[in-house]
Amino acid sequence: MSPHVLILGGTTEGRELAAALAALPGVRVTTSLAGRVTRPGALSGDVRVGGFGGAAGLAAWLREQRVDALVDATHPFAEAITANAAQAASATGVPAVVMRRPGWQPGPEDRWHLVPSLAAAADLLPRFGPRVFLTTGRIGLAAFAHLTDRHFVVRSVEPPEPPMPAHTEVLLARGPFTVDDETALLREYLVDVLVTKDSGGAATAAKLTAARGLRLPVVVVRRPSLPEGVTAVPDVPQALARLGFGPS
Ligand code: NAP
């Protein structure tokens, strides 16, 4: 019988893994999306959308849909679904793989300030100039809402959710971005400090190179840790190998 792989997606790497699995003869692949993005784009294989109803709901889905392997390919900051996936895998005995793109690493020229949360990033901002380029996503701007004396340029794929800071300009854009464009943007908006999550990946790394070139400080929110005992593979080839579909 053909194996059924469930990918918890919402990332470029999840999409690439779905394409790689769908190309294998006899493999059935389903990608699950949270449903946050209005136009998620085409995916290979089957797609289901929306929450499962916690770890128990996901475990029930794994059993009902006879899933043979689970891949958590969610964003490094999607903490709840990652915890649910680990619990559901252990409750059902379904083998699970976590795929996480590696985080970014600072170079000697970088002026990074690592913080554990968005709230801690907000606490640090009064140290820098007043114009902030905020690229932490459309959710969580409430952490910055009390900073009424700062000017925020917020960039996100979909419109950000209120509450947000009083002085906010929104730029809707989806990566990948180039270093030249990011440098021009930082200059045009007279940015004093960049705030980002350590999302990793090439598509949005250009802002870090641009900030380095302009010698701007960058506040980097660290990733949440993986659930205890869980280790991640960094890319699609290694995920395929863990699943038993390729060279290890
Ligand atoms: P989260 O806080 O970890 O998840 C909240 C709830 O959303 C989960 O408990 C689950 O609901 C549902 N959910 C999340 N991912 C799902 C998936 N792939 N399929 C089905 N249900 C899912 O997640 P989040 O940070 O809101 O992120 C939501 C999605 O956006 C993720 O799939 C992630 O890969 C993607 N994403 C997140 C970020 C980010 O910065 N957090 C950035 C880019 C993309 P139930 O408990 O009801 O199952």
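1. Burial. Of the 248 residues of the protein chain, 44% count as buried. Buried means under 20% relative accessible area, exposed means over 50%, and partly exposed lies in between (1.4 Å probe, protein chains only).

2. Basis of the model. This is a predicted model: local features need pLDDT of at least 70, side-chain atom pairs count only at pLDDT 80 or more, and totals for chains, interfaces and linings use all residues. Residues are numbered from 1 along each chain as its sequence is written, and side-chain values use heavy atoms, with hydrogens and water left out.

3. Fold content and overall form. The protein chain has 7 helices and 12 strands. These are DSSP runs numbered from the N terminus: helices are H or I of at least four residues, strands are E of at least two. The radius of gyration is 19 Å, close to the 18 Å that the globule rule gives for 248 residues, so the chain is as compact as a globular protein of that length. That radius is taken over C-alpha atoms, and the rule is 2.2 Å times the number of residues to the power 0.38. Along the principal axes, the C-alpha atoms fill a box of roughly 60 × 35 × 35 Å.

4. Contacts along the chain. Take contacts between residues at least 6 apart in sequence: 64% of them join residues at least 24 apart. Contact here means heavy atoms within 4.5 Å.

5. Surface and charge. The accessible surface of the protein chain comes to about 12,100 Å², and 54% of it belongs to carbon and sulfur atoms. The areas come from the Shrake-Rupley method with a 1.4 Å probe; for residues, only the protein chains shown count as cover. There are 24 positive and 22 negative charges, and their mean positions are 2 Å apart. Lys and Arg count as positive, Asp and Glu as negative; His and the chain ends are not counted. Each charge is placed at NZ of Lys, CZ of Arg, CG of Asp or CD of Glu.

6. R100. This arginine lies in the loop between β5 (96-99) and β6 (111-115). R100 is buried, with a relative accessible area of 8%. Its side chain makes a polar contact of 3.4 Å with the side chain of D72. A polar contact is a pair of N or O atoms within 3.5 Å; within protein, one must be able to donate a hydrogen and the other to accept it, and residues adjacent in sequence count only if both atoms are side-chain atoms. Beyond four places in sequence, R100 is in contact with residues including A73, T74, H75, R223 and L226.

7. R101. R101 is found in the loop between β5 and β6. It is buried, at 14% relative accessibility. The R101 side chain reaches the backbone oxygen of S199 at 3.3 Å. Leaving aside neighbours within four places in sequence, R101 has contacts that include T11, T12, E13, G200 and G201.

8. Cis peptide bonds. The bond from P162 to P163 is cis, with omega near 0 degrees. P163 is in the loop between β8 (151-156) and β9 (168-172). The bond from G175 to P176 is cis, with omega near 5 degrees. P176 sits in the loop between β9 and α5 (179-188).

9. Positive phi at two arginines. R66 is not a glycine, yet its phi is positive at about 50 degrees. R66 is in the loop between α2 (54-64) and β4 (69-72), and it is exposed, with a relative accessible area of 62%. R215 has a positive phi near 60 degrees and is likewise a residue other than glycine. R215 is in the loop between α6 (206-213) and β11 (217-221), and it counts as partly exposed at 47% relative accessibility.

10. A122. Which residues does A122 touch, not counting those up to four places away in sequence? They are A143, F144, H146 and L147. A122 is in helix α4 (residues 118-124) and counts as buried at 1% relative accessibility. A122 and F144 are 22 residues apart in sequence, with their C-alpha atoms 5.6 Å apart.

11. M164. M164 lies in the loop between β8 and β9. At 26% relative accessibility, M164 is partly exposed. Beyond four places in sequence, M164 is in contact with L141 and A145. M164 and H146 are 18 residues apart along the chain, and 8.4 Å separates their C-alpha atoms.
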